[in-house]
Amino acid sequence: GINAEYGKQWYQRRVRGHHRFSHLYFYGARYYSYLWSQSIANLIFYNLFHDDPFNERAGEKLKEFLKRGSGTNFRKSLVELVGYEFGEEDMIAALVEPIRVFNNSYLDQQDISKKWW
């Protein structure tokens, strides 16, 4: 492959790792996985803990969900946990909503003229 043919030359030229083909090849999948995981974490937080972060019943539900591990149907278990059948729009909203809330509640109220940036 490309790495076998050119990898040694790149190393000998001391090219940084982020300039190598392997970085570009796998980066998209890693970034997608991060966004997918973040969306699921936000769905769980907003549906179980947003109004009461120390809700014992919600904590028990999450504990039971995590106990199942990967031996069950993940989607079905997640739907049971959050309490409704969610779709891609919900997953996108779960990523965007925290940014919107942060911007409206913090950044819009700050005098950024004094900040270092």
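**Figure 1. Surface and overall make-up of the chain.** In this predicted model, the accessible surface of the protein chain comes to about 9,800 Å², and carbon and sulfur atoms account for 56% of that surface. Of the chain's 117 residues, 16% count as buried. As for secondary structure, there are 5 helices and 0 strands, so reading from the N terminus you get α-α-α-α-α, using the DSSP runs as elements. Take the contacts between residues at least 6 apart in sequence: 44% of them join residues at least 24 apart.

**Figure 2. Helices α3 and α4 side by side.** Two packed helices are described by the angle between their axes and the distance between the axes. Here the pair is α3, residues 56–68, and α4, residues 74–82. Their axes come within 10 Å and cross at roughly 175°. Anything over 145 degrees counts as roughly antiparallel, and that is therefore how α3 and α4 sit relative to each other. On the α3 side, the contact is made by K61, L62, F65 and R68.

Figure 3. Zoom in on R68, which is found in helix α3. With a relative accessible area of 36%, R68 is partly exposed. Not counting residues up to four places away in sequence, R68 touches S77 and E80. S77 has its place in helix α4. Is S77 buried or exposed? Its relative accessibility is 6%, so S77 counts as buried. Setting aside residues up to four places away in sequence, S77 touches F65, R68 and T72.

Figure 4. F74 is partly exposed, at a relative accessible area of 36%.

**Figure 5. The largest nonpolar core.** In soluble globular proteins, nonpolar side chains tend to be buried together. In this model, the largest nonpolar core has 14 residues. Which of them touch the most other members? They are L43, I44, L78, L81, V82 and F86. The elements giving two or more residues to this core are α2 (21–49), α3, α4 and α5 (88–105). Helix α2 supplies the largest share, with 5 residues.

**Figure 6. Close-up of F86 and V79.** F86 is among the core residues that touch the most other members. Leaving out residues up to four places away in sequence, the contacts of F86 are L43, R75, L78, V79 and M91. Turn to V79, whose place is in helix α4. V79 counts as buried, at 17% relative accessibility; the cut-off for buried is under 20%. Once residues up to four places away in sequence are set aside, V79 touches Y84, E85 and F86. How far apart are the C-alpha atoms of V79 and I44? The separation is 9.9 Å, for two residues that are 35 residues apart along the chain.

Figure 7. At 2% relative accessibility, S39 counts as buried. With neighbours within four places in sequence left aside, S39 is in contact with M91, A94 and L95. M91 is also one of the residues touched by F86.

Terms used. Residues are numbered from 1 along each chain as its sequence is written. This is a predicted model: local features need pLDDT of at least 70, side-chain atom pairs count only at pLDDT 80 or more; totals for chains, interfaces and linings use all residues. Side-chain values use heavy atoms; hydrogens and water are left out. Axes are lines fitted to C-alpha atoms, for helices over the stretch in contact, and angles run from 0 to 180 degrees between N-to-C directions. Helices (H or I, at least four residues) and strands (E, at least two) are DSSP runs, numbered from the N terminus. Angles under 35 degrees count as roughly parallel, over 145 as roughly antiparallel, 65 to 115 as roughly perpendicular and the rest as oblique. Contact means heavy atoms within 4.5 Å. A nonpolar core is a set of buried Ala, Val, Leu, Ile, Met, Phe, Trp, Tyr and Cys residues joined through side-chain atoms within 4.5 Å. Buried means under 20% relative accessible area, exposed over 50%, partly exposed in between (1.4 Å probe, protein chains only). Accessible areas come from the Shrake-Rupley method with a 1.4 Å probe; for residues, only the protein chains shown count as cover.
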